[in-house]
Each structure stands twice: as structure tokens, then as C-alpha cells.
Amino acid sequence: MATKRRRRAFPRRKVCRFCADSALKIEYKDPKLLKYFITERGKIIPRRISGNCARHQREITLAVKRARQIALMPFTTTLPH
Amino acid sequence: MRRYETLFIITPDSSDDELKTIFEKFQAVVTNKKGQVLSYEEQGKKKLAYDIKKHGKGYYVLMDYLGPADIVAEVERNLRLDERILAYITVKLADNVDPESLKAEVVEPRRTAKPEESGEEAPAAAAEETEREEETE
């Protein structure tokens, strides 16, 4: 198959939230912060959308997965139809 | 000594006496393994993101403690065996902590009472704290 060239370049938007503000700590105990990084279904938002740097994206992922174990965040939710 | 924190959830319909027993039990588990409990924070009832054992809410406790490497297995074993405990997670905070520098006096369970929805910690209700202060090791 011939390869297609992607039309859209993913805009490298803003800086990582956590790199910019070093006072923000990522904690699995803090669902108020973590909820910005999951979708309505409860899935973790990919880095190209969330704008995080690699390191903080990994920390967020770890924190969300821990929070899920402890029922601070859902594994999945049902969306209204 | 390593520093760990364990967050666990107790059945929401436990009485105050049971909560006290659980505190004493885990304090004993830690000290028996030559560890030290740094803080024991009862965060109160929160709504769970999903039902655990048919409960929609749970009573959260956060315990911060020091101990040698084998202490976690013992703490978790006790958590698993106790039927009042619904879930737990242990995180290592630091290695090579000097126990002397963090010597605390008698640790009492601290209550951070707050409305159920929020996850922030708020100052404990004073009335509950005076009740807890009678606790001695």
C-alpha cells in the first residue's frame, strides 16, 4: 500500500502544566487534580491532547492507576445515551 | 528504615469503637516489626468511584509509617485478613530515613472531617479530637 502523508500536523500547543508550575505535585490521592486528565468515560487522556511532557504524563498515568485501585477514580463510567 | 504510606478503606458502617480497634491493631503491627507510625489520618467517609463489596461509600484512612523492608508484607497481610477493610494501597515514600530525626510522640488518630464530595484535607473537627486524645499506647 502506498503511504499517505498526514495532512494535519499536531500543534505543539502549550507547555506542560507541571513543568511550568513546579509547585503542582501529582498525587494519586488528589482526584480533583487528576480528573482533568481523564475523559468522561474515565480513560486517561493522551499526551498529545493534554499537553504534558513525557515525564509528567507518566506520573499522571501512574497516579490515575493507583487512584483507581483505591476507588478515588473510576475505571470506567457509563455515558448517558 | 524506609518510609511508606498506606491508604486503606474501612467499611463505612463501622462504629467508633471498631475504628479505634483497627488503629490499635495496626499500630501494634507496625511496632512489632520495629517500625514507627508517623501519622494516622482518618479521612472520613467518601463516596467511592465504584462499588466495593456492595458499598457505595467508604471510610478512608491514611497511615504514614517507618520500618524495615519486611514491614509492608506484614501490614498488607493484616489488611487482607481483616474483613472490615475493603481495599488498600501502599506506596514507598523514601529510602534510608533516619528514624531519630522523625521521632514523634504518641500518635493519635487524626480526623480530617470534610464534606463527602471533596478530596481536600480540612482541619479536624475539634470535638472529635478531644475524644481521641484519651488514647494512650
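What percentage of the 137 residues in chain B is buried? Buried residues, defined as those with 20 or more other C-beta atoms within 10 Å of their own, with C-beta atoms placed from the backbone, account for 26% of the 137 residues in chain B. The model is predicted, and local features need pLDDT of at least 70, side-chain atom pairs count only at pLDDT 80 or more, and totals for chains, interfaces and linings use all residues. Residues are numbered from 1 along each chain as its sequence is written, while chains are lettered from A and ligands numbered from 1 in the order in which they are written.

Chain B contains three helices and five strands, taken as DSSP runs (helices H or I, at least four residues; strands E, at least two) numbered from the N terminus, and these follow the pattern β-α-β-β-α-β-β-α along the sequence. Of the contacts in chain B between residues at least 6 apart in sequence, 72% join residues at least 24 apart, a contact being a pair of residues whose C-beta atoms, placed from the backbone, lie within 7 Å.

R2(B) lies in strand β1 (residues 2-10) of chain B. This residue is partly exposed because 17 other C-beta atoms lie within 10 Å, a count between the limits for buried (20 or more) and exposed (12 or fewer). Beyond its neighbours within four places in sequence, R2(B) is in contact with G67(B), A69(B), K92(B), A94(B), D95(B) and V97(B). By comparison, Q43(B) is 41 residues from R2(B) in sequence, and their C-alpha atoms are 24 Å apart in space.

Methods
Contact = placed C-beta atoms within 7 Å.
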